Amino acid sequence: MFTDTLKEKTMENHQQLEKLLVGRMKQIRIKQQYVDLLQLFYTYFEGLEQQIKPFINEFNFPDYSKRRKADLLETDINSLGATTNALAASEDLPGINNEFDAYGALYVIEGSTLGGKIISAMMAKHLNLADGKGVSFFTGYGDDTENMWQEFKQTLNRLAGENQDERVIEAANQTFSKFKLWVEKIG
Ligand code: HEM
């Protein structure tokens, strides 16, 4: 399956990003530090979503409107009493020039719902956040997260034609590595 190859070929970048983020999250003790983490995600993910939007539609991803969006990060930031920072500029984001680049980026965005479950549980515990306040983005699709992930992978496997596979993999790797650079730059 294409998504197995994609996972394998992006694993190193995922691990590096995960290590960096877990290191930061372990130090979070006060709400402002968590707001800073949310800003990191908001400024990158919202910028990324705007880049992929022209290439994602009801024909390639019929359930895209049901999928969680970066505006939940804004909700989370606001619910903790802050306002959003300026978005990452295009040079800090991966270059998205066709639908295959967009698929690679969307793979990273959707996959973050899996790690998000760990992040939301850890933050809720560290910070005593009441009633899911401030963790709506990282909560992903709740109990439906695994189902949504399986459906996403099925769609991606249908869409990624063999000769475009490399392009999707390259875009996914760039999306991971540029996010890591962004965390290092402003984090
Ligand atoms: C604290 C940070 C993170 C942790 C602990 C974490 C952990 C995980 C875990 C446990 C999985 C499931 C692996 C599996 O079921 O096979 C996963 C998958 C994934 N994560 Fe993360 N993650 C983190 C951050 C992120 C972020 C920030 C992104 C995106 C920007 C991301 C993208 C992905 C992707 C794309 C997958 C799917 C891999 C596949 O193809 O199966 N993760 N992550």
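Helices, numbered from the N terminus, are DSSP runs of H or I with at least four residues, and strands are runs of E with at least two. By that rule D101 lies in helix α4, residues 99–127, and H14 lies in helix α1, residues 2–26. This is a predicted model, in which local features need pLDDT of at least 70 and side-chain atom pairs count only at pLDDT 80 or more, while totals for chains, interfaces and linings use all residues. Residues are numbered from 1 along each chain as its sequence is written, and side-chain values use heavy atoms, with hydrogens and water left out.

The ligand contains an iron atom, whose single donor from the protein is NE2 of H14 at 2.1 Å; donors are N, O and S atoms within 2.8 Å of the metal (3.2 Å for Na, K and Ca), and since water is not among the atoms, sites may look incomplete.

Around the ligand there are 19 residues, of which K7, H14, Y107, G111 and G115 come nearest, a residue being near if one of its heavy atoms lies within 4 Å of the molecule. An N or O atom in the side chain of K7 is 2.6 Å from a ligand oxygen, and one in the side chain of Y107 is 2.5 Å from an oxygen atom of the ligand. Two or more residues of the shell come from each of α1, α2 (31–52) and α4, and α4 gives the most, with eight residues.

Returning to D101, its relative accessibility is 4%, and therefore D101 counts as buried, the cut-offs being under 20% relative accessible area for buried, over 50% for exposed and partly exposed in between (1.4 Å probe, protein chains only). Leaving aside neighbours within four places in sequence, D101 is in contact (heavy atoms within 4.5 Å) with G95, I96, R167 and A171.

Note on methods. A polar contact is a pair of N or O atoms within 3.5 Å; within protein, one must be able to donate a hydrogen and the other to accept it, and residues adjacent in sequence count only if both atoms are side-chain atoms.
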